Amino acid sequence: MGSAGSILGQWYFHVPNFILAALMYTLLGRALLGLMVQPDSSNYIWRFFCRVTDPVVELVALATPKATAPVVIWLFGVVWLFWLRVGLLYLFLSMGAITRGI
């Protein structure tokens, strides 16, 4: 069936990885958009980015000093999500649940 069959057969890795990637890139978009938009803006795109990424920002804010600027917390969130994705890949590879692609 080719590569499509192997991707569908390993959905248990790809779905969480996709969700983490979407959060990571949305958080990066929030950081970039935050350079141009006021924090209390009523722009619907800004509100969407905030609504989607606020749970991640709250978790990252727990581990960072209170004096840290919001954009730094957002960028730390991007880094944490990246390393979470790497850890997920390592976990599934070490368990033998997914195969290495060439």
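Hi everyone, thanks for coming. A reminder before we start: what you see above is a predicted model.

Let's begin with the overall picture. The protein chain has 4 helices and 0 strands, and read from the N terminus its elements go α-α-α-α.

Now to burial and surface. Of the 102 residues, 29% count as buried. The chain exposes about 7300 Å², and 72% of that comes from carbon and sulfur atoms. As for contacts, take those between residues at least 6 apart in sequence: 62% of them join residues at least 24 apart.

Let me turn to helix H4, residues 70-95. H4 has 26 residues and spans 37 Å from first C-alpha to last, close to the expected 38 Å. Which residues of H4 are buried? They are Ile73, Trp74, Gly77, Val78, Leu81, Leu88 and Phe92. As you look at that list, keep the general rule in mind: an α-helix has 3.6 residues a turn, so residues three or four places apart point the same way. The cover over the buried residues of H4 includes helix H2 (11-33) and helix H3 (44-62). Just after H4 comes glycine 96, with a positive phi of about 75 degrees.

Searching the whole structure turns up 1 salt bridge. Which side chains meet there? They belong to aspartate 54 and arginine 30, with 2.9 Å from N to O. Aspartate 54 sits in helix H3 and arginine 30 in helix H2, so this pair ties together parts that are 24 residues apart in sequence. In general, side chains of opposite charge can pair when their charged atoms come close.

Are the two partners buried or partly exposed? Arginine 30 counts as buried because its relative accessibility is 7%, under the 20% cut-off. Aspartate 54, at 30% relative accessibility, counts as partly exposed.

That's my tour, and I'm happy to go back to any part of it.

Notes
Residues are numbered from 1 along each chain as its sequence is written. This is a predicted model: local features need pLDDT of at least 70, side-chain atom pairs count only at pLDDT 80 or more; totals for chains, interfaces and linings use all residues. Side-chain values use heavy atoms; hydrogens and water are left out. Helices (H or I, at least four residues) and strands (E, at least two) are DSSP runs, numbered from the N terminus. The expected span of a helix is 1.5 Å times one less than its number of residues. Buried means under 20% relative accessible area, exposed over 50%, partly exposed in between (1.4 Å probe, protein chains only). Contact means heavy atoms within 4.5 Å. Accessible areas come from the Shrake-Rupley method with a 1.4 Å probe; for residues, only the protein chains shown count as cover. A salt bridge is a side-chain nitrogen of Lys or Arg within 4 Å of a carboxyl oxygen of Asp or Glu.
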